[in-house]
Amino acid sequence: MTSTPCLARAGLGEVTASDSSLRRFLHGLPGVDEVAAEARAAMLATRSIKADAKQFALELPIRMIDLTTLEGRDTTGKVATLCAKARQPEPSDPDVPPVAAVCVYPDLVSEARRCLEGSGVKVASVATGFPSGRTSLAVKVHDTMDAIDAGADEVDMVIDRAAFFVGRYRQIFDEIRAVKQACGQLHLKVILETGELATYDNVRRASWLAMLAGADFIKTSTGKVSPAATLPVTLVMLEAVRDFRDATGRQVGVKPAGGIRTAKDAIRYLVLVNETAGPDWLDPAWFRFGASSLLNDLLMQRQRMHTGRYAGPDYFTVD
Amino acid sequence: MTERLTVPKTHKLFIGGRFPRSESGRSFIVTDSKRRFLANAALASRKDARDAVVAARKAFPGWSGATAYNRGQVLYRVAELLEGRRRQFVDEVIAAEGLTSKHAQEVVGASIDRWISYAGWSDKIAQIDGAANPVSGPYFDFSVPEPTGVVAIVAPQKSALLGLVSVLAPVIVTGCTAVVLASESRPLPAVTLSEVLATSDVPAGVVNVLSGHTEEVAPWLAAHMDVNAVDLTGAPIQLAADLERSAAENLKRVLRPPVDGEPDWTGESDVDRIRFVLETKTVWHPIGI
């Protein structure tokens, strides 16, 4: 299935020239077969991963995790604890790799930066009026600059879902572009908040819109809205990044976030990535998990493989 | 008129308030005391044991947080429902253990009474086992018994109902939750008991019942790091040492199998079975502030 009929004919510049040309392009994308997408995601979820493949499938997601804390009561202490865990998820086993990044609110970036110095773990910050995105563009850019000045390596921005629903695609495009400009070389992840987008068609459109505007990553959710990440939604987004690379040559990453709690879930996502976008995406540079409790379950399953007995949560840090 | 065919029952596992088949899809043949076919029962795997522990852990905060009074009421309710199913249990005990009808009636009666007996202990054990300790300072000092957590029980092999109730009731009356590995060759009364538990007021996950091979499943429960105690009453002696060794890994409480074989369960309730799954918490509280 390819969804880029008109991109080949019209250039990127023409597609993004105005609200109406963007609308023509986005609404010209083929519709998502809802039943088929859900059936395919469900079918892939039944894959059984064993032995060596399982060991790989337990190790890789650890390196893909954006260890996240986005609560109103987050303190510097909480962030410091989280960073310690990010550097060395399992203190009794130095073979466990560090996670990809720690994801926090902008005001806690400097603390995270301080705690992660020299570890190779990236600091990601949400920005642009997270989680609703209901601020003016100037405030959004300022919010982003704040995070960058404090030392963020990656920025997770939210799109204005209200603008999306009334069809002001160009406004969203401009906002993403402005934030990307502020980010420069830094990685920009664009949160679509798929739980609010209602249909898979909208998810596909929002994915393309974000990629056209310059997103380095497209991310499912803020974690504040239910449903958060689901397998079918991620399937649609993975198809979008695959087709986008085919059409433009630029590779964009995908980050499901929220609701992924067990190693089993994580393995299902990896199968989905491999079967949809391909093995090129099976890398922390191109696929991330926004999660916190997932890490402990991965560690427990890993320990179960190594010791041959079932692990218990009492022996892992509380988060 | 054609003769009616009986509808045979599918005996399943009891995990988290539901009745799943084994995730492995396996079953095994259960025979009566004269080796005649009785039924097919689900053959639990290690993954069923894992799921059962997860269910028991999930149920623990709610059950241990319930008032002692409430837990007592719930256990009493189990006895009420057992009474209503008396005849079914008598038949099952006869089939499983080969007892005479009269003897089986006594056994079922004793099983019902055992629930009542342990139900009564729910709000009394803290008074027997707890204490106000005299200390040399301006403090109140209390010791209170608390449930240890998830308890894995290898149920008695011979006494399929009375033996099972005698090891299960004292565990859950404290607020602990249980994963029971039923008698290997006589699992059917345990399966039927789980149907009673499911329709009484026992919250889902407080009792989980697995049927299968002791030798296959018990080691996974004994080694499980999220299990706090193992009752090896029904474990074969030759297996017990290994199970105890695995249990030592996370310092589980261990109740060894009786050295002189399975006891006669018709005696009195045993408070030590309740004490076995209790931890003591001591609280210091300043006086006069």
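So, what is the phi of Gly118(A), which follows α7(A)? It's positive, near 80°.

Quick housekeeping. This is a predicted model, where local features need pLDDT of at least 70 and side-chain atom pairs count only at pLDDT 80 or more, while totals for chains, interfaces and linings use all residues. Residues are numbered from 1 along each chain as its sequence is written, chains are lettered from A and ligands numbered from 1 in the order in which they are written, and side-chain values use heavy atoms, with hydrogens and water left out. When I say helix or strand, I mean a DSSP run, numbered from the N terminus: H or I with at least four residues for helices, E with at least two for strands.

Okay, helix α7 of chain A, residues 109–116. Six of its eight residues are buried, so the helix is largely enclosed by the rest of the structure. Buried here is under 20% relative accessible area, with exposed over 50% and partly exposed in between, using a 1.4 Å probe and protein chains only. The buried ones are Val109(A), Glu111(A), Ala112(A), Arg113(A), Cys115(A) and Leu116(A), so you can see that Glu and Arg are on that list. They pack against α6, β2 (101–104), β3 (122–127) and α8 (137–149) of chain A, with contact meaning heavy atoms within 4.5 Å.

Now the sheet in chain A. Eight strands form an open sheet, and the order runs β7-β6-β5-β4-β3-β2-β1-β8, with parallel pairing. Two strands pair if DSSP finds at least two bridges between them. At the edges sit β7 (253–255) and β8 of chain A, each pairing on one side only. On average, neighbouring strands are turned by 25° against each other, direction ignored; the axes are lines fitted to C-alpha atoms, for helices over the stretch in contact, and angles run from 0 to 180 degrees between N-to-C directions. At the β8(A) end, β1 (65–68) pairs with β8(A) over three parallel bridges, and Asp66(A) has Gly290(A) as its bridge partner.

Over to chain B. Strand β7 (207–210) has Val207(B) and Val209(B) pointing one way and Asn208(B) and Leu210(B) the other, and all are buried. β7(B) pairs in parallel with β6 (177–181) of chain B over four bridges, and Leu181(B) is bridged to Leu210(B).

On a 1 Å grid over the protein atoms alone, a cavity is a set of points where a 1.4 Å probe fits but cannot get out, a pocket is an open set with protein on both sides within 12 Å along at least five of seven lines, and lining residues have an atom within 4 Å of a point. Points are joined across faces, edges and corners, and a volume is the space filled by probe spheres set on them.

There's one cavity of 30 Å³ or more. β5 (150–154) and α8 (214–223) of chain B each give its lining at least two residues, and the lining is eight nonpolar residues, no polar and no charged. Nonpolar is Ala, Val, Leu, Ile, Met, Phe, Trp, Tyr, Cys and Pro; charged is Asp, Glu, Lys and Arg; the others, Gly among them, are polar.

The largest pocket has about 1,500 Å³ of space. Of its 44 lining residues, Lys264(A), Asp297(A), Gln301(A), Arg50(B) and Asp51(B) lie nearest the centre. The largest share, ten residues, comes from α1(B).
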